[in-house]
Amino acid sequence: MAEPLRIALAGLGTVGAGVIRLIEANGALIAGRAGRPLQVVAVSARERNKDRGVDLSPYAWEDDMTAMAARADVDVVVELVGGSDGPALTLARNALGANKALVTANKAMIAHHGLELAGMAEAAGVALKFEAAVAGGIPVIKGLREGTAANAIERVYGILNGTCNYILSTMESTGRDFGEVLKEAQELGYAEADPTFDVEGIDAAHKLSILAAIAFGAQVDFPSVETEGISRLRAADIEQAAALGFVIRLIGIADTETGANGAPTLFQRVCPYLVPHSHPLARVDGATNAVVAEGNYSGRLLFQGAGAGTGPTASAVVADLIDIARGDVGLPFSVPAAQLTPMARADAGHRIARDYLRFMVADRPGVLAEITAAMRDAGVSIESMIQKGRAEEGGAVMVSIVTHEGPEAHVDRAIELLEGSSSLVEPPLVLQLL
Ligand SMILES: NC(=O)c1ccc[n+]([C@@H]2O[C@H](COP(=O)([O-])OP(=O)(O)OC[C@H]3O[C@@H](n4cnc5c(N)ncnc54)[C@H](OP(=O)(O)O)[C@@H]3O)[C@@H](O)[C@H]2O)c1
């Protein structure tokens with residue numbers, strides 16, 4: 001059999017230890033498919049003596065992971081440490097600078113520095129692969145780069161964060177509030193001790209910006225993803241949505257438009273959406289991820305599976321290694337980095353949508369009239385309006401409205417007109433219907 005692909009592995013946590021276990025367990029099968037064995041040569045993490053449930057004695061230990069790129073006995077560096085900058089980025093730059101292929105699961109790093117790293121990889125003629133960075137075990141990057149390569153992608157969207165999906169589907173099935181379910185998710189290991197990246201939509205925005213770059217040939221533009229998380233949702237919103245025939249899911253959506261000057265613009269948004277029961281994403285429960293890609297010839301494709309976890313994520317990392325072992329260098333974003341288009345952020349104001357608006361209002365006469373007047377003055381047409389019960393929490397009453405289809409700018413205007421109103425106990429929540 002041919003020479004092994006020699007691997008340096010940085011990071012031995014959930015994903016890194018999973019990669020070692022997978023290569024050990026399926027080594028013969030992998031070698032058969034790759035045409036040569038995958039051989040881990042060196043490993044690195046912070047604490048050398050931590051028990052990781054894997055035997056590390058066959059591998060050289062490096063105290064300084066950033067130095068692994070300089071090893072002459074290594075063909076490919078695998079970065080499974082995390083963080084957009086810091087040692088992960090130094091290692092990535094060192095590896096590509098030393099003409100070594102790089103595999104990573106680090107969505108934050110690719111969202112922030114993907115363009116630079118892709119340029120380095122192409123200049124060096126080596127692979128940069130990051131299948132595990134988006135939707136864990138689901139081969140969605142491969143699906144987009146290869147499976148739909150013949151299509152113009154019209155829209156890509158999906159459930160990109162398992163923690164949020166677990167929280168939302170549990171709120172739905174138990175009727176409990178966000179804080180309580182988050183606490184339980186943390187105890188069960190579905191949510192981090194600091195859940196900000198997940199519940200505020202940042203993690204999903206990282207992944208969406210990577211998908212959008214591949215789908216539309218755009219430069220990765222994480223800062224222009226419009227992002228709103230799930231922490232403001234109440235059990236009552238979920239209940240209200242259910243009564244209307246919807247579930248609430250955190251969805252990332254990207255598409256392109258033609259801007260005022262005729263150049264393409266990029267629309268990228270992560271926020272909770274009301275998803276009709278009939279839509280396939282409405283049936284995606286628990287920590288699962290799902291991505292929909294709409295190609296102009298393929299039609300609607302749905303990729304669904306485990307978006308995280310040691311086994312599924314390791315599976316995606318090792319699939320990248322197998323491609324490299326087979327000699328597939330490829331282009332990280334499907335087209336040369338220099339040809340990725342810098343696209344301005346699309347103006348969302350003219351997009352047509354139906355909205356769900358939730359107001360927490362003071363329990364006194366005239367409040368509903370004030371809200372409906374603002375809607376009328378902004379040109380928003382109301383389809384239904386529900387006031388739920390009598391005042392509870394600090395005298396506030398929940399009023400929810402579903403609008404007819406109309407430009408987003410009109411709803412924004414209505415919210416502006418209500419700004420500072422003493423009738424509103426907190427800022428309104430605005431969600432769209434998918
Ligand atoms: N977990 C998932 O399901 C999942 C899914 C998709 C993508 N990812 C991505 O995969 C990457 C790894 O995630 P993970 O969940 O495996 O993280 P993790 O369990 O926290 O593991 C991180 C590893 O990096 C090591 N490390 C941290 N700082 C280091 C430093 N300065 N020098 C050397 N080693 C350092 C840690 O060492 P010690 O063990 O010694 O502390 C640990 O082994 C991240 O980019 C993450 O976003 C994870």
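**Exercise 1. How do the residues of the lining of the largest pocket divide into nonpolar, polar and charged?**

Let's begin with the ground rules. This is a predicted model, where local features need pLDDT of at least 70 and side-chain atom pairs count only at pLDDT 80 or more, while totals for chains, interfaces and linings use all residues. Residues are numbered from 1 along each chain as its sequence is written, and side-chain values use heavy atoms, with hydrogens and water left out.

Step 1: Learn the terms. On a 1 Å grid over the protein atoms alone, a pocket is an open set of points with protein on both sides within 12 Å along at least five of seven lines, a cavity is a set where a 1.4 Å probe fits but cannot get out, and lining residues have an atom within 4 Å of a point. Ala, Val, Leu, Ile, Met, Phe, Trp, Tyr, Cys and Pro count as nonpolar, Asp, Glu, Lys and Arg as charged, and the others, Gly among them, as polar.

Step 2: Read off the classes. The lining has 17 nonpolar, 20 polar and twelve charged residues.

Step 3: Of its 49 lining residues, Val15, Val81, Gly82, Lys107 and Glu192 are closest to the centre.

**Exercise 2. Find the residues that come nearest to the ligand, and its polar contacts with the backbone.**

Step 1: Locate the ligand. The space it takes is the largest pocket; a molecule sits in a pocket if more than half of its atoms lie within 2 Å of the grid points.

Step 2: Look for polar contacts (pairs of N or O atoms within 3.5 Å). Ligand oxygen atoms lie 2.8 Å from a polar backbone atom of Leu12, 2.9 Å from a backbone N or O atom of Thr14 and 2.7 Å from a polar backbone atom of Gly309.

**Exercise 3. Which element gives the most to the lining of the largest cavity?**

Step 1: Count the cavities. The structure holds two of 30 Å³ or more, and about 100 Å³ of space lies in the largest.

Step 2: Check the lining. It has 14 residues, with Lys129, Phe130, Ile141, Arg145 and Asp320 nearest the centre.

Step 3: Name the element. α5 gives the most, with four residues. Helices (H or I, at least four residues) are DSSP runs, numbered from the N terminus.

Note on methods: Polar contact = N/O pair within 3.5 Å; in protein donor to acceptor, adjacent residues only side chain to side chain. Points joined across faces, edges and corners; volume = space filled by probe spheres on them. Helix = DSSP H or I, 4+ residues; strand = E, 2+ residues; numbered from the N terminus.
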